[in-house]
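Student: Hi! I'm new to this one, could you walk me through it?
Tutor: Happy to, let's have a look together.

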Amino acid sequence: MGKRINRQSVLTLVGVLLVYAIVQGSIFMDILPPFVALTLIQVCIFIILATSLNLINGITGQFSIGHAGFMAIGAYVAAIVVVKFHGPLLLALIAGAVAAAVAGFLIGLPTLRLKGDYLAIATLGFGEIVRIVFLNTSYVGGASGFSVPKTITWTWAFWLTVLSIIIIRNFIKSTHGRACISIRENEIAADVMGINTTKYKIMAFTIGAFFAGLAGGIYANYLYIIQPLTFSFLKSFDILVMVVLGGLGSLTGSVLGAVVMTVVSAALSGWPEWRLVITAVLLIVMMIFRPKGLLGTKEFSLSFLGKKGDKNASSKD
Amino acid sequence: MPLLKIDKLSKSFGGLKAVSNLNVEINDGELIGLIGPNGAGKTTVFNLLTGVYEPTEGSVKFQSKDMRGLKPYQVTQSGMARTFQNIRLFSDLTVIENVKIAYHQRSSYSTLSAFLRLPSYYAGEEEMHRKAMELLKIFNLEDKAEEVAKNLPYGEQRRLEIARALGTEPKLLLLDEPAAGMNPQETHDLMNLIRWIRQQFNLAILLIEHDMSLVMGVCERIYVLDYGMIIAQGTPDEIKSNPKVIEAYLGEEVV
């Protein structure tokens with residue numbers, strides 16, 4: 001409250017600019033190995049996916065595992081805009097995100113009446129339906145995939161990621177976000193406090209889908225080709241693992257989870273047969289020693305760097 | 001015109017008539033008690049009033065408005081707030097967040113200004129913070145504003161639940177066994193608090209209670225419910241001497 005610009009936000013800004021500058025500098029000087037560059041973009045994509053899924057699963061407490069479906073819609077719509085209609089990249093990304101949001105809204109209406117496991121199964125089914133539809137649509141290449149020119153640069157991916165995090169964070173830290181959190185905490189009490197729980201569940205679902213679509217658009221315009229198989233339920237689980245690893249309900253946790261999982265997975269790419277085994281072991285150990293995830297529901301902050309970090313800076317969400 | 005008029009309200013669960021032919025009237029600013037033995041249907045009445053259950057028959061009129069078919073959040077928005085027999089706080093959130101959630105329905109800024117942090121976001125959040133702190137001050141909880149709700153002692157959790165209900169700015173407050181699990185001293189303090197709330201916030205209160213000293217001490221009128229039916233109503237003194245009430249509570253006299 002009160003001060004709008006505090007030490008925390010200045011430190012975060014400096015950190016963000018630093019990360020951007022270092023990577024951009026090494027791209028400029030051509031010292032960044034292509035594999036690292038690919039991993040960095042993937043980190044960005046997964047950060048957007050994980051934070052947006054966290055909004056649905058961790059903040060609002062609605063267990064959804066169909067996130068790859070929304071990502072697929074975003075990817076294919078963005079690809080269609082670019083390839084078939086020769087639209088500009090920004091328009092393509094927005095179109096993909098909006099299409100995914102519309103799908104999220106329409107899917108949310110009936111499925112969010114379900115709770116717990118039932119919702120999980122319904123969203124899982126949705127994700128698979130989306131994949132199968134694209135698989136059988138020859139307009140977008142079917143199983144062989146859909147070629148898209150590579151137009152996403154580090155600058156695009158990085159700033160879109162930052163923008164996504166900021167918007168999701170702003171939502172969570174508002175009264176609307178608190179309404180979502182209250183649904184997670186106690187749905188009956190939230191209802192009795194005058195909160196339209198259905199409305200806020202659908203809102204969280206739609207916003208989450210929007211950003212998943214955005215991530216899909218970035219993915220499609222970076223990887224040269226998109227195939228339906230990429231968006232299978234395994235992708236949904238990857239994203240879910242990142243969210244759980246980082247801590248359900250913690251945005252910075254999702255960022256951390258996305259970074260850790262993507263980097264570990266990339267680092268182990270030399271031993272493909274052991275990769276999944278090692279990540280699975282990592283998860284089991286994690287769930288034994290830190291069942292609430294790396295950060296729990298807390299938020300990580302840089303305020304400890306300053307001596308007199310003000311109280312608001314480190315307060316939890 | 002009474003604030004709340006319950007007319008021939010009935011609710012059946014299959015063959016069980018949980019509430020039948022209930023008629024209750026509450027006027028502005030009244031403090032009414034609803035008592036009855038275990039399983040008499042008291043909480044069912046609350047659930048019917050707040051839209052958790054749909055009545056089988058009869059009507060509820062609140063501020064002359066028909067409440068039939070309204071969802072719980074709509075009931076709250078129209079000015080009726082409740083607490084629960086088993087406390088239902090947002091237990092992992094802080095005390096002040098609990099209260100802020102109650103103020104949500106009166107929040108003044110849109111989702112868009114939340115996304116973009118427009119000036120109305122800051123104005124809205126500041127006002128909400130101010131109101132929430134004021135309310136906590138009234139309930140002597142302002143020192144614990146940043147405490148996680150589940151870490152509060154039991155009595156304070158009760159107080160917080162009442163404070164949170166008042167945050168929705170109701171005209172009628174429904175308290176479901178507020179003294180449950182309290183010792184006599186805490187119950188005594190609660191009595192004073194309830195009286196004081198009624199004056200301070202200018203509202204009517206309907207109280208479900210088992211603790212006779214509390215009900216007899218604060219309520220102006222009492223309804224007695226047994227097997228889903230009103231068996232007596234009147235002032236505390238009338239209720240105390242009513243043979244039907246004594247029978248319901250203690251059983252028939254064996255000659």
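Student: Which residues of H3(A) meet H5(A)?
Tutor: In this predicted model, Ala68(A), Gly69(A), Ala72(A), Ile73(A) and Tyr76(A) of H3(A) meet Phe126(A), Gly127(A), Val130(A), Arg131(A) and Phe134(A) of H5(A). Two residues are in contact if their C-beta atoms, placed from the backbone, lie within 7 Å. Helices here are DSSP runs (H or I, at least four residues), numbered from the N terminus.

Student: At what angle do the axes of H3 and H5 of chain A cross?
Tutor: Roughly 30°, and the axes come within 7 Å. H3 covers residues 67–83 of chain A and H5 covers residues 116–135. Axes are lines fitted to C-alpha atoms, for helices over the stretch in contact, with angles from 0 to 180 degrees between N-to-C directions.

Student: What does that make H3(A) relative to H5(A)?
Tutor: The crossing makes H3(A) roughly parallel to H5(A). Angles under 35 degrees count as roughly parallel, over 145 as roughly antiparallel, 65 to 115 as roughly perpendicular and the rest as oblique.

Student: And H6 with H9 in chain A, how do their axes cross?
Tutor: At roughly 175°, coming within 11 Å, with H6 at residues 154–172 and H9 at residues 197–220. That makes H6(A) roughly antiparallel to H9(A). The H6(A) side of the contact includes Leu160(A) and Phe171(A), and the H9(A) side includes Phe211(A) and Leu214(A).

Student: How many residues of each class are in the contact of H6(A) with H9(A)?
Tutor: There are 8 nonpolar, 1 polar and no charged residues. Nonpolar means Ala, Val, Leu, Ile, Met, Phe, Trp, Tyr, Cys or Pro; charged means Asp, Glu, Lys or Arg; the others, Gly among them, are polar.

Student: New topic: how many residues does each chain give to the contact of A with B?
Tutor: Chain A gives 23 residues and chain B gives 31 residues. H7(A) has the largest share of the chain A side, 7 residues. By class, that side of chain A divides into 10 nonpolar, 9 polar and 4 charged residues.

Student: What domains does chain B have?
Tutor: Domain 1 is 4–88 + 157–250 and domain 2 is 93–147, with bounds from an automatic or database domain assignment. Their centres, taken over C-alpha atoms, are 28 Å apart.

How values were computed. Residues numbered from 1 in each chain as written. Chains lettered and ligands numbered in written order. Predicted model: local features only at pLDDT ≥ 70, side-chain atom pairs only at ≥ 80, totals over all residues. Helix = DSSP H or I, 4+ residues; strand = E, 2+ residues; numbered from the N terminus.
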